[in-house]
Each structure stands twice: as C-alpha cells, then as structure tokens.
Amino acid sequence: MANKSAQYPQGYLDKETFKSFFAVTGQPGSFKYQPGHERIPDNFYKRAPGTEYGISDFLLDVLQFARQDPRLLSVGGNTGTPNSFTGIDVSALTKGVFNGATLADGNNLQCFIFQLIQSEAPGLLTGVYEDLTQALRELTENLEGNLKGLGCPRLEGVDRGLYERFPGYGRAKGVKG
C-alpha cells in the first residue's frame, strides 16, 4: 500500500495516507470512521513496473493473515440477519476436491479460488455484460494463466444448492426475496 519512489524503493506510507484509504480522520484516541468515504489518496501512484501487487501476492497475504486468524479462510455467508455467518463445508461444495483443513496448504487456496471463480462466473455475470462470451473468454484466459503450473486438482463443479440458504445469493442472481 506504500508509494514507491527512487528515494523509497521499498515504499513509504505515512499515517495520513494510510487513514485516507480507510476513511479515518482524527488523531490517536479520537479517530473517526466515515463509512462510504474510503478512497485511494490523491497523492498515491501506482507501483513501479515489475513490482505490481497481483492476485498471487494478495493470496500470499491472505495466507499470512490466516495463520494469525484461521477464520479468514471460512467460506460461507450471512443468512439474513446480523451476525448470522454460516459456514459452508468446502469439501461438500467442491464435491471432495478441496477441504477446509487443507486450504492453506501449498497452492490449494489459489487453486480453490481460481477454479471457483471459473465455475461460478457464467451464472454471476449473466446480465452484467452485454457480451458475456467475450467477458468469459477474457476471464478464462486470465484464470488459466494463473492456474498454469500450480498442479491443481481439477474442480469439476460445485454444489450450488449449498448457497440457497444465503439471501444475498438469490439477490445476486436477480431473484427477489
């Protein structure tokens, strides 16, 4: 998240810049969060070529955070009321290809996420893009490039019935409820 420059090749992130990402104002002891005002700071610029923060970097960070709090790897959603998170058994969802106990092992998390996106994209993107074929082609090419060389077990499909208990799933598919 830090700006990189010749002066700070590893990056420099001051408190004010950090706070603006998360819509926080004020000083220690009297911080105030302003929902909906999260933003990329005006003085922020992209990373130097060759040091881009990509999906693999993001997933490595997720794994690092998950070592501190394994709940971050929980798969599931809220069931319509506050604090109603309900987990989905990853093994049931993926028909035994992946399981929650081993998602943090090796390339499993990358394999799971990339293949889940690949499997779910057609249903979730219908109605979002005028030319769904082109959007899926580009997504598939990108995902296949990321999957190449990971040695992933092949996900043949998911049990979408497990999503039905989550009201947001129906709304995302255009179902009123």
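1. **Overall fold.** Helices (H or I, at least four residues) and strands (E, at least two) are DSSP runs, numbered from the N terminus. Read along the sequence, the pattern of the protein chain is α-β-β-α-β-β-α-α-α-α. That comes to six helices and four strands. The C-alpha atoms fill a box of roughly 50 × 40 × 40 Å, taken along the principal axes.

2. **What kind of model this is.** This is a predicted model: local features need pLDDT of at least 70, side-chain atom pairs count only at pLDDT 80 or more, and totals for chains, interfaces and linings use all residues. Residues are numbered from 1 along each chain as its sequence is written, and side-chain values use heavy atoms, with hydrogens and water left out.

3. **Burial and contacts.** Buried means under 20% relative accessible area, exposed means over 50%, and partly exposed is in between (1.4 Å probe, protein chains only). Of the 177 residues in the protein chain, 26% are buried. Contact means heavy atoms within 4.5 Å. Among contacts between residues at least 6 apart in sequence, 49% join residues at least 24 apart.

4. **The H4 and H5 pair.** Two packed helices are described by the angle between their axes and the distance between the axes. Axes are lines fitted to C-alpha atoms, for helices over the stretch in contact, and angles run from 0 to 180 degrees between N-to-C directions. The axes of helix H4 (residues 108-125) and helix H5 (residues 132-147) come within 10 Å and cross at roughly 175°. So H4 is roughly antiparallel to H5. The cut-offs: angles under 35 degrees count as roughly parallel, over 145 as roughly antiparallel, 65 to 115 as roughly perpendicular and the rest as oblique.

5. **Who meets whom.** On the H4 side, the residues in this contact include Cys111, Phe114, Ile117 and Leu125. On the H5 side, they include Leu132, Leu136, Leu143 and Leu147. By class, the contact of H4 with H5 has eleven nonpolar, four polar and one charged residues. Here Ala, Val, Leu, Ile, Met, Phe, Trp, Tyr, Cys and Pro count as nonpolar, Asp, Glu, Lys and Arg as charged, and the others, Gly among them, as polar.

6. **The disulfide.** A disulfide is a covalent bond between the sulfur atoms of two cysteines. The rule used here is a pair of cysteine sulfur atoms within 2.5 Å. By this rule the count comes to one disulfide. Cys111 and Cys152 form it, with their sulfur atoms 1.9 Å apart. The link is left-handed, with -80° about the S-S bond. It joins distant parts of the chain: Cys111 is in helix H4, and Cys152 is in the loop between H5 and helix H6 (167-172), 41 residues apart. Are these cysteines buried or partly exposed? Cys111 is buried, with a relative accessible area of 1%. Cys152 counts as partly exposed, at 24% relative accessibility.

7. **The nonpolar core.** In soluble globular proteins, nonpolar side chains tend to be buried together. A nonpolar core is a set of buried Ala, Val, Leu, Ile, Met, Phe, Trp, Tyr and Cys residues joined through side-chain atoms within 4.5 Å. The largest one has 25 residues, and those with the most contacts inside it are Ile88, Leu93, Phe98, Phe112 and Tyr163. Helix H2 (55-68), helix H3 (90-93), H4 and H5 are the elements that give two or more residues to this core. Its largest share, five residues, comes from H4.

8. **Leu93 and Thr94.** Not counting residues up to four places away in sequence, Leu93 touches residues including Val75, Ile88, Phe112, Leu116 and Tyr163. Thr94 lies in the loop between H3 and H4. Thr94 counts as buried, at 0% relative accessibility. Leaving aside neighbours within four places in sequence, Thr94 is in contact with Phe112, Leu155 and Gly157.

9. **Two positive phi values.** Asn83 has a positive phi of about 55° although it is not a glycine. Asn83 is in the loop between strand E3 (76-78) and strand E4 (85-87), and counts as exposed at 81% relative accessibility. Lys95 also is a residue other than glycine, with a positive phi near 55°. Lys95 lies in the loop between H3 and H4, and is exposed with a relative accessible area of 58%.

10. **Gly76.** Gly76 is found in strand E3. Gly76 is partly exposed, with a relative accessible area of 37%. Leaving aside neighbours within four places in sequence, Gly76 is in contact with Phe85, Thr86, Gly87, Ile88 and Phe166.
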